Protein chains: 2
Amino acid sequence: MKALLQPESVAILGCSSDLNRISGRPLKYFLEKGYPGRLYPVNPNQEEIAGLRCYPDVRAIPGTVDLAVVAVPAERVIESMRQLVAKRVPAAVIFSSGFAEMGEEGAAAQRELVRIARAGGVRFCGPNAVGILNAFDAVTASFSEYLEGPVAAGPIGFVSQSGAFGTAIAVLARERRLGLGYYVNTGNEADIDVADAFGFIVEDPRIRVIAGYVEGVRDGRKLLAVAERAMALGKPMILTKVGRSDAGARAAASHTGALAGADAVLDGVLRQKGVIRADDEEQMIDFVEMFAHCRLPQGANLGIVSQSGGAGVLACDRAEALGLRVPLLDGKTQASLKQILPAYAAVANPVDLTGLSLAEPERIRRTMKQVLADPAVDIGLLWVRLMDKYADLMVDIIADISASSAKTFVVSWLAPPQAALTVLRERGICVARGAAQAVSALAALVRYARARGRWLADAPAREAAAAQPPGLRLPAECGAMSSVPAAAVLRSAGVALAPFELASDVEAAAAAARRLGYPVALKIESRDIAHKTEAGGVLLGVADETALRAGFEQIVSSARKRHGAARIDGVMVQKMLERGVEMVIGVQQDRAFGPVVMVGFGGVLVEVMKDVVFGAAPLTVSEADTMLSSLKAAQVLQGVRGRPPVDRAALCELLVNVSRLAAAAGPKLGELDLNPVMAGADGSVAVDWLMIPGKESA
Amino acid sequence: MKALLQPESVAILGCSSDLNRISGRPLKYFLEKGYPGRLYPVNPNQEEIAGLRCYPDVRAIPGTVDLAVVAVPAERVIESMRQLVAKRVPAAVIFSSGFAEMGEEGAAAQRELVRIARAGGVRFCGPNAVGILNAFDAVTASFSEYLEGPVAAGPIGFVSQSGAFGTAIAVLARERRLGLGYYVNTGNEADIDVADAFGFIVEDPRIRVIAGYVEGVRDGRKLLAVAERAMALGKPMILTKVGRSDAGARAAASHTGALAGADAVLDGVLRQKGVIRADDEEQMIDFVEMFAHCRLPQGANLGIVSQSGGAGVLACDRAEALGLRVPLLDGKTQASLKQILPAYAAVANPVDLTGLSLAEPERIRRTMKQVLADPAVDIGLLWVRLMDKYADLMVDIIADISASSAKTFVVSWLAPPQAALTVLRERGICVARGAAQAVSALAALVRYARARGRWLADAPAREAAAAQPPGLRLPAECGAMSSVPAAAVLRSAGVALAPFELASDVEAAAAAARRLGYPVALKIESRDIAHKTEAGGVLLGVADETALRAGFEQIVSSARKRHGAARIDGVMVQKMLERGVEMVIGVQQDRAFGPVVMVGFGGVLVEVMKDVVFGAAPLTVSEADTMLSSLKAAQVLQGVRGRPPVDRAALCELLVNVSRLAAAAGPKLGELDLNPVMAGADGSVAVDWLMIPGKESA
């Protein structure tokens with residue numbers, strides 16, 4: 001990766017003498033941006049390009065080559081790769097298109113390319129890639145239009161799976177004076193993918209924020225590992241991932257050939273690992289700007305100072321919707337503000353500067369400083385508009401406020417004078433377009449600060465969880481496990497189940513019911529019947545022995561009628577539980593992220609509102625708790641409709657134990673459904689469970 | 001209003017000879033923008049200002065004066081108003097601040113101002129207003145910085161309650177080349193409010209779209225009447241209303257002195273009347289641009305053509321989230337596209353132009369035209385980026401595509417060349433920043449088109465509903481009505497109730513239960529006990545006569561124990577119903593909008609998810625149906641968890657009948673709660689009801 005992103009020598013295969021062609025642009029950019037390393041244009045038809053000696057073949061180059069830019073037609077790429085192997089070039093960027101993106105024939109060529117590169121020890125970016133830029137070291141192995149302008153290096157590493165979209169995003173970032181230290185387009189990702197690129201870039205001490213535009217995730221666990229590393233380094237990771245909707249996911253899958261994966265899973269695991277997800281490119285740039293320029297807040301309390309009362313209200317609205325707070329200011333602060341502002345100005349928070357500030361901007365300076373100094377305030381937000389006549393003074397005031405406090409401070413400036421905006425951005429002061437955009441980005445900042453706080457506190461639990469895999473016994477045979485053996489696995493993993501006994505005949509059932517206490521449920525037990533209710537094999541609320549005797553016969557004969565060949569192992573007699581909150585907990589194998597745990601509320605909330613959340617296994621207690629808080633109806637756990645609050649610690653423990661089972665089993669556990677889990681004030685137990693071994697269970 | 005917004009003569013009271021001061025700017029702007037009418041500066045200290053004769057007093061002006069601009073200090077405003085009355089000036093704009101926005105003393109002065117103006121027949125805008133601009137007729141009775149630049153008149157009427165925020169919005173609109181025909185800031189709204197301004201502007205045939213920035217609504221019914229009128233004229237109305245959150249609403253109330261009102265009510269009634277609500281100023285301008293430039297779509301089917309597969313997916317995601325569709329293209333269209341694009345290009349929808357379009361833009365023209373011609377497509381969306389080298393060609397292509405089809409067509413151009421953007425906007429072609437913004441605005445367009453379609457179809461029902469107020473008998477006494485008389489009112493309004501009988505003693509109760517059939521519910525009936533359950537006055541699921549006899553005594557004694565003085569009128573014996581979908585329906589008096597009807601699902605959905613929707617009474621069947629569709633969990637009505645679908649017509653009828661009762665009763669009905677209403681496959685009936693007469697019930 002170092003050879004790819006920080007090469008000391010670069011060969012350009014297929015380098016054109018026309019430096020405006022795709023195959024000529026990299027050389028132009030290397031020269032323009034002042035690359036200090038060695039450059040070797042390779043083109044058998046030229047003696048010299050742009051004053052540099054040109055080589056007929058990469059093997060003819062005298063010294064070592066760190067990186068090869070491959071800008072030859074598709075049909076010559078494989079031959080070029082063979083030459084790189086021969087020359088022992090460790091890294092390549094392949095511009096050429098005509099591979100997996102073009103159908104099966106191209107995909108076969110791409111597989112051959114990978115085979116040769118792997119065998120020969122060449123790591124590469126592409127094919128069908130716009131290439132890579134390392135702006136710190138003037139490495140411009142790219143034909144992106146972004147490089148036509150100035151590429152000021154800065155603390156942001158940007159990786160995109162799309163060249164066309166990524167380049168436009170990079171240009172938009174430049175318009176905001178955001179310095180991209182790296183801009184990498186990974187193209188078809190035949191070898192190096194987004195996670196690999198992030199993995200290298202995040203270690204560069206000159207980088208403080210990493211951002212990505214992603215269409216599909218192949219190796220989700222690798223991406224999560226990078227996210228963990230970024231979290232350890234305290235470098236925020238911001239992703240825009242398209243393919244949220246069903247239609248979008250289908251389109252994404254057909255477009256990139258990558259597995260789109262269930263978006264809800266991605267959303268959950270990214271949140272779990274503290275990755276900030278942006279909805280679209282505009283929000284991503286808003287977030288990147290905020291993270292690059294602003295200090296992390298110590299809390300979620302916003303102090304708002306505004307030239308328009310309405311804008312302050314708008315900021316309030318958005319803040320409350322996104323989980324921030326707008327606290328009343330301290331009495332002392334309010335008294336000080338009364339000295340600065342007219343008597344009728346609102347000073348409680350939001351603070352209204354009133355129309356006077358339009359003619360007397362100095363009031364803004366004093367007001368905002370007072371608000372930032374208030375102990376109740378973690379974050380200062382200043383909303384101003386226009387002020388063309390006072391552009392320079394406003395720049396001075398804003399820079400002064402920013403320098404005078406260690407707290408997070410953001411300006412929302414509507415329709416600002418362009419020169420003032422540019423100066424402030426160049427000074428690293430975050431200027432948002434509107435109050436709504438400012439607050440959305442601040443909420444992302446708060447989310448990250450909280451996630452990092454939790455992550456740091458959670459280190460011991462994380463290590464403990466990784467160190468103690470539970471013992472696990474899954475049968476060799478495929479298909480759904482029947483309930484009794486599944487119960488043994490679940491119990492050994494520490495998952496609490498509603499008490500039951502297996503009865504082989506009606507007398508045993510009656511005895512079991514006497515021990516368990518009525519009312520009971522009767523459930524057919526058969527390794528051949530996964531869906532008992534549909535088979536007529538379940539009877540709930542059996543009140544007494546008479547009902548039990550009749551019920552026993554009934555469910556056995558129903559099951560026999562519908563599943564003639566089923567091996568019936570008996571009938572489970574299960575204690576009926578007092579009502580708690582009905583929940584669903586599950587494990588599934590995600591194609592990108594492996595075993596993931598799901599939790600949600602039962603009934604209409606899961607079926608209609610789709611109120612579920614996912615996390616990658618294993619979970620720590622803190623992660624499980626955060627998952628529960630992420631549910632839209634999380635308030636239900638605190639007790640609604642006269643119910644007592646759910647024992648949250650017990651529910652978290654159940655989730656953690658399920659997640660450890662999932663992590664230990666890996667792909668051997670195909671699917672686990674605990675539905676319902678009754679979560680009550682005195683613990684959570686699974687009432688029904690279905691365990692389906694995975695394909696690798698043997 | 002005509003004198004205010006289209007005056008033929010204007011006097012400027014307090015006109016400064018310094019045309020850059022607030023009191024001098026209107027005259028400067030009138031002269032600069034070429035106002036054709038008569039101008040009379042009024043200032044006792046000047047003979048002449050800017051070459052115009054200056055008058056010492058408005059009464060000294062020889063001819064009639066349509067509009068007076070009042071730019072005098074607050075303490076001289078009332079005297080000025082007296083002079084306007086004397087001179088019979090019909091309209092005024094009052095810049096002066098120092099009234100209701102400054103506390104009680106100012107509020108008293110404002111009341112006096114209103115009294116004099118009303119008595120003297122003067123309508124006025126303000127005080128504390130930035131003023132009004134009618135760009136068509138060069139009426140510049142404003143000191144807004146917006147007027148420092150060119151004020152090209154266009155089909156958009158913009159009204160703002162905030163001068164500071166409104167002016168910035170106007171400047172942003174100008175940056176997008178949107179022509180504001182009117183820009184009105186209503187200030188303190190002592191007389192004329194947002195609805196009045198809209199009411200006049202919407203009738204101007206030069207206006208096609210009206211947009212407003214609103215902090216508080218005083219007279220909601222007037223606003224709804226304007227919305228109805230705008231709908232009748234086919235002119236979309238777009239509002240940004242701040243104060244969504246609790247904190248925001250509190251801040252808004254303290255800021256403007258206006259009643260913020262429950263935001264959910266506002267949201268519901270605006271939707272009911274086809275008003276498009278924008279979240280913030282940026283979205284408002286996005287929407288205004290789309291409505292001003294684009295044809296209304298005939299349906300919700302989007303055809304997407306994109307230079308980046310990922311951008312197409314992002315557009316898909318957003319479209320699906322907002323209720324639009326991205327249908328598969330017709331086989332013939334796909335075949336044609338295969339002729340234009342490389343074999344590997346996705347052509348199903350979204351259509352991926354592939355990298356080739358970056359170098360060969362002509363493919364864009366042919367591809368987009370094919371997609372627009374597809375019968376499955378109602379709306380064309382083209383996503384492009386950068387293309388600096390082909391700016392002129394792209395303008396030509398986009399203008400050509402737009403001219404070649406009668407369908408809605410929108411361009412999302414990321415990081416466009418500025419010159420191309422300006423030319424397209426000047427030509428009236430809608431260019432969105434990103435795919436997400438384009439789709440959000442398109443969704444607003446579709447929502448409006450649907451609302452207007454429904455509104456046109458619904459005209460007979462609307463008239464019928466207005467013509468047939470139900471008979472209504474509310475008792476003179478205050479406080480909650482007991483259930484039996486309330487039931488009579490509800491039944492007379494056509495509201496179905498679960499069958500019950502009132503029993504004065506236990507024998508009567510037993511007889512009633514025999515007639516109704518067990519199981520029954522028993523409920524204490526007392527005009528003094530509104531909350532029966534809390535009083536121990538309710539017993540559900542009474543299975544037989546033994547239980548009934550015990551239960552009767554129990555609830556009567558419980559009620560007596562807790563409400564010693566309560567007059568007990570008997571016990572209601574009510575038939576227990578089969579389970580349906582539990583709903584809540586209510587009526588409340590909104591301070592801005594009067595009687596409003598609420599509907600939502602019962603249980604967790606209403607308590608935790610706040611899944612309710614409001615509409616202004618009376619409702620038509622179509623409006624009631626749209627309310628039900630707006631519920632987040634609307635799918636529940638179609639039958640989930642094995643239930644049959646709810647009889648939607650019966651549920652709508654219930655809602656309509658409740659709404660007609662509410663409309664007929666007006667403020668006499670303080671509150672009505674039907675909770676629960678059991679909505680089933682064979683009708684909807686209220687099981688419990690609580691009716692509280694309003695203050696005007698006598």
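Author: A salt bridge here is a side-chain nitrogen of Lys or Arg within 4 Å of a carboxyl oxygen of Asp or Glu. This is a predicted model, where local features need pLDDT of at least 70 and side-chain atom pairs pLDDT 80 or more, while totals for chains, interfaces and linings use all residues. Residues are numbered from 1 along each chain as written, chains are lettered from A and ligands numbered from 1 in written order, and side-chain values use heavy atoms, without hydrogens and water.

Reader: Nice. How many salt bridges are there between chain B and chain A?

Author: There are 6. In one salt bridge, the side chain of A:Glu282 meets that of B:Arg433 at 2.5 Å, N to O.

Reader: And what area is buried between the chains?

Author: About 5,500 Å², with carbon and sulfur atoms giving 62%; that is accessible area (1.4 Å probe) lost on putting the two together, summed over both. B:Tyr344, B:Met609 and B:Arg641 supply 10% of what chain B buries against chain A, more than any other three residues.

Reader: How many residues of each chain are in contact?

Author: 69 of chain B and 70 of chain A, counting heavy atoms within 4.5 Å.

Reader: Switching to symmetry, what rotation superposes chain B on chain A?

Author: A rotation of 180 degrees, with 0.1 Å of shift along the axis and an RMSD of 0.1 Å, fitted by least squares on C-alpha atoms with pLDDT of at least 70 in both copies. The copies are therefore related as by a two-fold axis. In chain B, the C-alpha of B:Leu605 is nearest the axis, at 4.0 Å.

Reader: Last one: what does A:Glu582 touch?

Author: Beyond neighbours within four places in sequence, its contacts include A:Phe601, A:Pro676 and B:Arg641. A:Phe601 is 19 residues away in sequence and 6.1 Å away in space, C-alpha to C-alpha.
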